Amino acid sequence: MLTPKYKRVMLKISGEALAGNNKVGIDTDTINGVCDKISEIYKLGVDVAIVVGGGNFWRGRSGKGMDRTTADHMGMLATVINSLALQDALESRNIPTRVQTAIEMRQIAEPYIRRKAVRHLEKRRIVIFACGTGNPYFSTDTTAALRAAEIDAEVILLAKKVDGVYDSDPNINPEAKKFDKLTYLDLLHKELGVMDSTAASLCKDNNIPIIVFGLDHPDNIIKVILGEEIGTSIR
Ligand code: UDP
């Protein structure tokens, strides 16, 4: 029997990680692949909370000339689409889930209530937090940090397309160097583009470690959960 290192984790999945090669929308094979991996860690007995981004549909800052708050509301709605898609794919694997939204839309999902979210996790349901923080000018990385602190998650697993944090874009620069370990201050000062400064500060102030890893290799997420040092760890 494999023994997980963590009892409760916050998994942050970017919107793009659901889009496959198209980079936009949702690719069925890709989301099924992601949910197969989530299902493996769930079956190890780990409490799994998920925050999903919306960048595969819309990011507030891409709304050139638009009112920023309106553009961010659109981004938050995009996270709901992704959350429902994840819920559907996980439930088709017989994993009970709840979606909780930071902006009320009761016909679609529960409103975010921290105590309820914790109760769902205790009852072995995967909880997916949608609509980000519910506020414009924030990101879903910040949401992951905030909800991780609220539900006492031990770690944020930042699932990316690349297998860790590099000093430059490895898709462009073949000489790019990967960091095995970084500090929160490195994140804040080196502008590595892993997460925004609000999210990094929140993790720093609340001592929430972050592990950045690539979702493309099938075993990575299991390795991270078992405590193997892959990707980049930030603390
Ligand atoms: N967003 C927001 N407040 C939040 C979280 C997200 O306004 O608390 C909006 C923002 O416009 C953002 C979009 O939702 O660009 C999608 O989230 P994000 O860019 O973090 O998604 P990802 O890049 O992870 O796919």
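Guide: By class, the shell around the ligand is made up of 13 polar, four nonpolar and three charged residues (Ala, Val, Leu, Ile, Met, Phe, Trp, Tyr, Cys and Pro count as nonpolar, Asp, Glu, Lys and Arg as charged, and the others, Gly among them, as polar). This is a predicted model, in which local features need pLDDT of at least 70 and side-chain atom pairs pLDDT 80 or more, while totals for chains, interfaces and linings use all residues. Residues are numbered from 1 along each chain as its sequence is written, and side-chain values use heavy atoms, with hydrogens and water left out.

In total, 20 residues surround the ligand, each with a heavy atom within 4 Å of it. The closest are Gly55, Asp72, Thr133, Asn135 and Thr140. Two helices, H2 (68–91) and H4 (140–150), each supply at least two residues of this shell, and H2 gives the largest share, three residues. Helices here are DSSP runs of H or I, at least four residues long, numbered from the N terminus.

Now for the polar contacts, pairs of N or O atoms within 3.5 Å. Thr133, already listed among the closest residues, places a polar side-chain atom 2.6 Å from an oxygen atom of the ligand. The backbone takes part too: a polar backbone atom of Gly60 is 2.8 Å from a ligand oxygen, and one of Gly54 is 3.0 Å from a ligand oxygen. Taken alone, the ligand exposes 530 Å², of which the protein buries 94% (Shrake-Rupley areas, 1.4 Å probe).

Finally, the space that the ligand takes is the largest pocket. A pocket is an open set of points on a 1 Å grid over the protein atoms alone, with protein on both sides within 12 Å along at least five of seven lines; a molecule sits in it if more than half of its atoms lie within 2 Å of its grid points.

Note on methods: Polar contact = N/O pair within 3.5 Å; in protein donor to acceptor, adjacent residues only side chain to side chain. 1 Å grid on protein atoms, 1.4 Å probe; cavity = no way out; pocket = protein on both sides within 12 Å on 5 of 7 lines; lining within 4 Å.
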